[in-house]
Amino acid sequence: MESLPQELPKDLKITIKSTSLVHPPPLTLERRRYMFLSNIDQLFNFDMKTLHFFSAVESFPPSVICDVIEQALQQLLVPYDFLAGRLSPDPVKGRLVVDCNGVGAGFVIALSEMTLKEIGELTYPSPAFKDLVPTRSVKGLEDWPLIVI
């Protein structure tokens with residue numbers, strides 16, 4: 001018989017250290033484009049919220065890991081520059097398109113006072129995890145990054 005999950009913490013004691021945008025190399029006017037979105041993309045436009053947890057490694061302090069991830073994101077934006085774009089309505093057809101404008105991908109550095117061991121079971125959703133996932137601002141799609149790491 002499967003045992004019940006332990007009591008999950010309600011507060012992860014998170015502090016946001018920084019919030020920034022990571023940009024691809026400068027775009028030229030010839031490279032700026034709009035990516036067509038299919039009918040399915042138009043209909044099922046929702047945020048995919050995913051969390052990944054990793055144990056601390058003494059030889060890689062959090063500041064080093066954050067720098068490596070930010071640099072990797074910047075390199076990722078070379079072939080996948082559209083991830084630094086924004087959803088916007090096509091001025092002619094009114095359909096949503098990806099405006100590959102290079103505004104930037106979101107990058108957030110946050111710290112928790114808790115260890116993974118203190119957090120406990122990670123296979124079950126916890127209300128405390130919501131603090132780790134950014135939510136859209138009221139401004140609209142044009143101001144929201146397509147990816148936030």
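I'll start at the surface. Val 57, Phe 60, Val 64, Ile 65, Val 68, Ile 69 and Ile 149 make up a nonpolar surface patch of about 560 Å². Keep in mind that this is a predicted model. One member of that patch, Val 68, sits in helix H2, which covers residues 62-76.

Next, the sheet. In what order do its 3 strands run? The order is S2-S4-S3, the sheet is open, and the pairing is antiparallel. Strand S2, residues 34-36, and strand S3, residues 86-89, are at the edges. Each of these two has a single partner strand, so one side of each has no neighbour in the sheet. On average, neighbouring strands here are turned by 40 degrees against each other, with direction ignored.

Looking at one pairing in particular, S2 and strand S4, residues 96-99, are joined over 3 bridges in the antiparallel sense. On the S2–S4 pairing, Met 35 has Val 98 in S4 as its bridge partner.

Where is Val 133 placed? It lies in the segment after helix H3, and that helix is residues 116-119. Is Val 133 buried or exposed? Val 133 has a relative accessibility of 18%, so it counts as buried, the cut-off for buried being under 20%.

As for what surrounds it, Val 133 touches Lys 49 and Leu 51, leaving out residues up to four places away in sequence. Val 133 and Val 148 are 15 residues apart in sequence, and their C-alpha atoms are 8.9 Å apart in space.

That's what I have for today.

Note on methods: Residues are numbered from 1 along each chain as its sequence is written. This is a predicted model: local features need pLDDT of at least 70, side-chain atom pairs count only at pLDDT 80 or more; totals for chains, interfaces and linings use all residues. Side-chain values use heavy atoms; hydrogens and water are left out. Patches are made of residues with over 30% relative accessible area and no salt bridge: like charges are joined within 9 Å, nonpolar side chains (Val, Leu, Ile, Met, Phe, Trp, Tyr) within 5 Å. Accessible areas come from the Shrake-Rupley method with a 1.4 Å probe; for residues, only the protein chains shown count as cover. A salt bridge is a side-chain nitrogen of Lys or Arg within 4 Å of a carboxyl oxygen of Asp or Glu. Helices (H or I, at least four residues) and strands (E, at least two) are DSSP runs, numbered from the N terminus. Two strands pair if DSSP finds at least two bridges between them. Axes are lines fitted to C-alpha atoms, for helices over the stretch in contact, and angles run from 0 to 180 degrees between N-to-C directions. Buried means under 20% relative accessible area, exposed over 50%, partly exposed in between (1.4 Å probe, protein chains only). Contact means heavy atoms within 4.5 Å.
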